[in-house]
Each structure stands twice: as C-alpha cells, then as structure tokens.
Amino acid sequence: MTAPAPTTPAPTPERQRSQDWLARGGLRPTRQRLALAEILAGDGLDRHVTAESLFAAVTGTGEKVSLATVYNTLRAFCAAGLLREIAVDSSRSYFDTRTDTHPHFLWEEDNRLTDAPAEALRFASLPEPPPGTVISHVDVIIRIRRD
C-alpha cells in the first residue's frame with residue numbers, strides 16, 4: 001500500500017490575487033516578485049509606493065530582498081504594464097497600481113501621493129506634440145498642504 005501523495009495547500013486569496021496579477025503582466029512568479037506583489041496587489045486595493053517604502057514593507061514581513069532588487073522589480077512591473085511610475089520631482093518617483101490616466105494629490109507635509117477626483121479635471125486643449133511624436137499620457141500632480 002502506498003502513502004497518498006502530499007497535497008499542496010490552496011494559496012491564500014492574497015497569494016492567488018498576486019499570482020494572477022503577475023500572470024496578467026506575463027511575469028514569472030519568483031519568490032521575490034510574489035513577496036512584492038502581495039504587498040502591492042494582494043488585497044486588491046490601489047497603492048502608491050516608493051521603492052523605499054516598498055522595501056521597508058517587504059523587509060517587515062521577514063522576506064530577504066535587497067533595495068536594488070526592489071528597484072529592478074518595480075521597473076519590471078512597470079514594463080509589464082502592472083504599475084505606472086509617477087515622477088513627482090527629479091529625485092522621487094511613486095509607483096501606482098492603478099494604471100489608468102488619473103490625477104494625483106501630493107501631500108507636501110508627509111510626501112504622500114493619493115488619487116484625486118478625475119471628474120473635476122478639465123483640459124480645454126493640449127499642445128500639439130513635435131512632429132513624429134504622440135502624447136502617450138498626461139500626468140497631473142496637484143501639490144497640496146494644510147493651511
């Protein structure tokens with residue numbers, strides 16, 4: 001009589017959502033990608049993270065990931081269309097899990113990026129791009145502070 005084959009437990013909803021998210025981008029689910037994907041997409045909520053804040057979050061889970069790996073993985077997620085990079089100045093970028101075109105508030109007191117209501121934003125027109133180019137998207141960052 002042979003022993004039954006061990007069964008693999010079903011992934012948690014967060015792990016399954018993360019695996020599906022990576023699959024949408026055509027990315028192989030490595031251990032490190034899955035750890036980062038669970039933080040970014042595991043609960044299904046939209047996130048705005050910096051590489052440093054994501055590094056701190058993943059380190060807090062006990063996962064061994066270098067900051068360089070976090071940067072490289074964020075770039076891979078962007079290239080796969082899973083994230084959108086929002087450059088707020090020359091030294092800081094946020095990575096947004098919501099990839100459609102929409103405006104943002106940058107809270108100056110704590111350098112926090114949040115979504116702004118798109119329905120209130122109106123453009124009368126955009127400038128013509130230089131010959132041989134097209135506008136790929138428009139980033140709107142509204143800087144706010146408490147008065």
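Trainee: Is the crossing of helices α3 and α4 left-handed or right-handed?
Mentor: Helices (H or I, at least four residues) and strands (E, at least two) are DSSP runs, numbered from the N terminus. A crossing is left-handed if the near helix is turned anticlockwise from the far one by less than a right angle, and right-handed if clockwise. By this criterion, the crossing of α3 and α4 is right-handed.

Trainee: What pLDDT do local features need in this model?
Mentor: Residues are numbered from 1 along each chain as its sequence is written, and side-chain values use heavy atoms, with hydrogens and water left out. The model is predicted: totals for chains, interfaces and linings use all residues, side-chain atom pairs count only at pLDDT 80 or more, and local features need pLDDT of at least 70.

Trainee: Which term describes the orientation of α3 and α4 to each other?
Mentor: The axes of α3 (residues 51-60) and α4 (residues 67-79) come within 9 Å and cross at roughly 120°. Axes are lines fitted to C-alpha atoms, for helices over the stretch in contact, and angles run from 0 to 180 degrees between N-to-C directions. Angles under 35 degrees count as roughly parallel, over 145 as roughly antiparallel, 65 to 115 as roughly perpendicular and the rest as oblique. The two helices are therefore oblique.

Trainee: Which residues of α4 make the contact with α3?
Mentor: Contact means heavy atoms within 4.5 Å. From α3 come A51, E52, L54 and F55, and from α4 come L67, V70, Y71 and L74.

Trainee: Why is strand β3 largely enclosed by the rest of the structure?
Mentor: Buried means under 20% relative accessible area, exposed over 50%, and partly exposed in between (1.4 Å probe, protein chains only). Strand β3 (residues 92-96) is largely enclosed because of the buried state of 4 of its 5 residues.

Trainee: Over how many bridges does β2 pair with β3?
Mentor: Two strands pair if DSSP finds at least two bridges between them. Strand β1 (residues 48-49) pairs with β3 in the antiparallel sense over 2 bridges, with H48 opposite D96. Strands β2 and β3 form a hairpin with 2 residues between them, and R92 of β3 is the bridge partner of D89. Strand β2 (residues 84-89) is likewise antiparallel to β3, and their bridges number 5.

Trainee: The backbone oxygen of which residue is reached by the side chain of R84?
Mentor: R84 lies in strand β2 and is buried, at 9% relative accessible area. Beyond four places in sequence, its contacts include Y94, D96, H137 and D100. A polar contact is a pair of N or O atoms within 3.5 Å; within protein, one must be able to donate a hydrogen and the other to accept it, and residues adjacent in sequence count only if both atoms are side-chain atoms. At 3.1 Å, the R84 side chain reaches the backbone oxygen of D100.

Trainee: Which strands stand at the edges of the open sheet?
Mentor: The open sheet has 3 strands in the order β5-β4-β6, with mixed pairing. Each edge strand has a single partner, so one side is left without a neighbour in the sheet; these are β5 and β6.

Trainee: At what distance does the side chain of E109 reach the backbone nitrogen of R146?
Mentor: E109 is found in the loop between β4 (104-107) and β5 (112-115) and is partly exposed at 46%. The C-alpha atoms of E109 and R146 are separated by 7.9 Å, although the residues are 37 apart along the chain. The E109 side chain reaches the R146 backbone nitrogen at 2.5 Å.
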